[in-house]
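Try each task yourself before you read its solution.

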Amino acid sequence: MQTPDQTPTGQPTFRGSGPGFDFDSAFDHPGYGTQPLPTQPVAPPYGSTAPPYGYAAPPYGQTASAPQTSGYAIASLVCSIASWFLVPFIGGVLGVVFGHIARGEIRRSQGWKSGNGLALSGLIIAYIHLVVVIVAVAFIVLLALAFASDGYRS
């Protein structure tokens, strides 16, 4: 026969589950209270842009993916740099065209496209190149006219 203080045979014993259980001291054990509490997912910051109509918003607590860099912005920068070394006038014109297309695309994308700095850099480099080319062509034309009007009379 068992006494009331003994656990019945065949049943598992649990910590703090017997006579003389002290509730307050049970939670002083190092295993209790050391696990971090689960945290709530973080909401997007106030004032962040909402996705455009037709795009699915990310689930609550998950961050939105990073904006995609505009291909036109990259093309603008590449063409404007190439205009100085490979294709002088055509690269500058393409850099200006792609730069303006990229800036319009980025402005209309409501934050889903990035690369405004690339597009602006491409535009600045291309415009500087076009100014240098126009000044050089004007100088060559004026130089040719000056020599032609001098008339080599001997």
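Helix 3 is followed by Gln 110, whose phi is positive, near 55 degrees. Helices (H or I, at least four residues) and strands (E, at least two) are DSSP runs, numbered from the N terminus. Keep in mind that this is a predicted model: local features need pLDDT of at least 70, side-chain atom pairs count only at pLDDT 80 or more, and totals for chains, interfaces and linings use all residues. Residues are numbered from 1 along each chain as its sequence is written, and side-chain values use heavy atoms, with hydrogens and water left out.

**Exercise 1.** Work out what span helix 3 should have, and compare it with the distance between its end C-alpha atoms.

*Solution.* 
- Step 1: helix 3 covers residues 88-108, which is 21 residues.
- Step 2: the expected span is 1.5 Å times one less than the number of residues, so helix 3 should span 30 Å.
- Step 3: the end C-alpha atoms are 31 Å apart, which agrees.

**Exercise 2.** Find which residue forms a salt bridge with Glu 105.

*Solution.* 
- Step 1: look for a side-chain nitrogen of Lys or Arg within 4 Å of a carboxyl oxygen of Asp or Glu.
- Step 2: the partner is Lys 113, with the closest N and O atoms 3.9 Å apart.
- Step 3: searching the whole structure turns up 1 salt bridge.

**Exercise 3.** Decide whether Glu 105 and Lys 113 are buried or partly exposed.

*Solution.* 
- Step 1: buried means under 20% relative accessible area, exposed over 50%, and partly exposed in between (1.4 Å probe, protein chains only).
- Step 2: Glu 105 is among the buried residues of helix 3.
- Step 3: Lys 113 has a relative accessible area of 24%, so Lys 113 is partly exposed.
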